[in-house]
Amino acid sequence: MLTTNFLDFDFSNPFMNASGVHCMTTNELDELAASNAGAYIMKSATPAKREGNPEPRYFDVPLGSINSMGLPNLGFDYYLEYALKQQEKTSRPVFFSVAGMSVAENIAMLKKIEASDFKGVTELNLSCPNVPGKPQVAYDFELTYETLAQVFDFFTKPLGVKLPPYFDMAHFDQMAAILNKYPLSYVNAINSIGNGLYIDTDSDQVVIKPKEGFGGIGGEYVKPTALANVRAFYTRLKPEIKIIGTGGILTGQDAYEHLLCGATMLQVGTQLQKEGPAIFDRLQKELMAIMEEKGYKTIAEFRGKLKAIV
Ligand code: RRO
């Protein structure tokens with residue numbers, strides 16, 4: 001049984017798309033809604049529609065993907081309208097993702113969500129690696145602290161943050177200490193590993209156009225980093241702050257590992273882009289098979305129970 005309770009909502013299973021993949025248009029969102037995903041999240045929104053970076057801007061590679069989409073999206077109002085319509089049809093909450101270009105833009109969008117009838121979950125994306133001239137917010141600890149202080153002055157609905165990967169124990173400690181000061185509902189770890197470079201030696205060229213080929217890395221490449229971030233935050237955050245595990249989930253085995261590290265929901269980006277929404281059926285079958293073999297009936301029996309070597 002894969003049923004998962006997350007923020008007092010019940011989901012049939014923990015699998016979701018990662019924001020950015022298969023979720024920009026209402027058509028794509030309808031396909032996710034009709035799929036066997038437990039839940040789905042919309043593309044990160046900015047106040048106004050954005051074209052994003054020049055193409056090619058997404059490239060599949062054997063061990064993952066590289067992207068520099070540059071936050072193309074249809075604008076905040078488009079996604080709010082979709083979410084409000086969806087919540088009339090089903091009790092399953094929609095996840096809204098917000099990624100303003102500044103603190104002021106984030107605050108303005110979150111104020112609109114707060115004032116609206118939106119009943120779902122909101123994710124504040126503090127980790128887009130691809131907008132030229134805009135560093136990832138959550139690598140600036142002071143700015144992250146200040147942003148959350150402003151947000152929680154008025155925001156009362158369930159809110160999570162999407163974090164970039166961290167690579168240093170001191171950074172896990174410092175970021176967890178900041179997040180623990182706020183009534184956050186969850187942390188989503190990780191966004192793509194920012195500013196990697198993939199090259200094609202047939203042409204001696206980079207494979208995406210923006211930023212001379214630099215882009216966010218996803219897929220198999222990022223799983224160990226994703227697991228470490230899930231584990232580091234699971235062991236450092238207060239128990240009210242749940243974890244969404246994102247990064248390197250291609251199989252039920254990868255999902256199992258994220259759950260063992262402490263994730264409650266699981267998001268799939270690169271592999272969803274490769275396989276399409278039918279992937280959610282496969283992942284559930286594979287995860288169920290592992291649980292059966294190990295004698296687990298529910299995810300709660302093993303979530304977070306990764307063992308150290310003593
Ligand atoms: O649109 C993007 O370029 C993008 C975003 Br907002 C993000 O959060 N993560 C990513 O890999 N790409």
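Predicted model: local features only at pLDDT ≥ 70, side-chain atom pairs only at ≥ 80, totals over all residues.

I began with the side of H9 where Lys-285, Glu-292 and Glu-293 are exposed; exposed means over 50% relative accessible area, buried under 20%, and partly exposed in between, with a 1.4 Å probe and protein chains only. Residues are numbered from 1 along each chain as its sequence is written, and side-chain values use heavy atoms, leaving out hydrogens and water.

Next I listed the buried residues of H9: Ile-279, Phe-280, Leu-283, Gln-284, Leu-287, Ile-290 and Met-291. They line one face of the helix, because they fall within an arc of 130 degrees seen down the axis of H9; the arc is that of the directions from the helix axis to the C-beta atoms.

What do these buried residues pack against? I found strand S3 (15–17), helices H1 (26–34), H7 (252–261) and H8 (270–275), and strand S15 (265–268). Helices (H or I, at least four residues) and strands (E, at least two) are DSSP runs, numbered from the N terminus.

After H9 I noted Gly-295, with a positive phi near 80 degrees.

Then I turned to Cys-128, which an unreviewed UniProt entry annotates as "active site"; such annotations may be inferred rather than shown by experiment. I located Cys-128 in the loop between strand S7 (121–125) and helix H4 (141–151). Cys-128 counts as buried because its relative accessibility is 19%. Beyond neighbours within four places in sequence, Cys-128 contacts Lys-134, Gln-136 and Asn-191, contact being heavy atoms within 4.5 Å.
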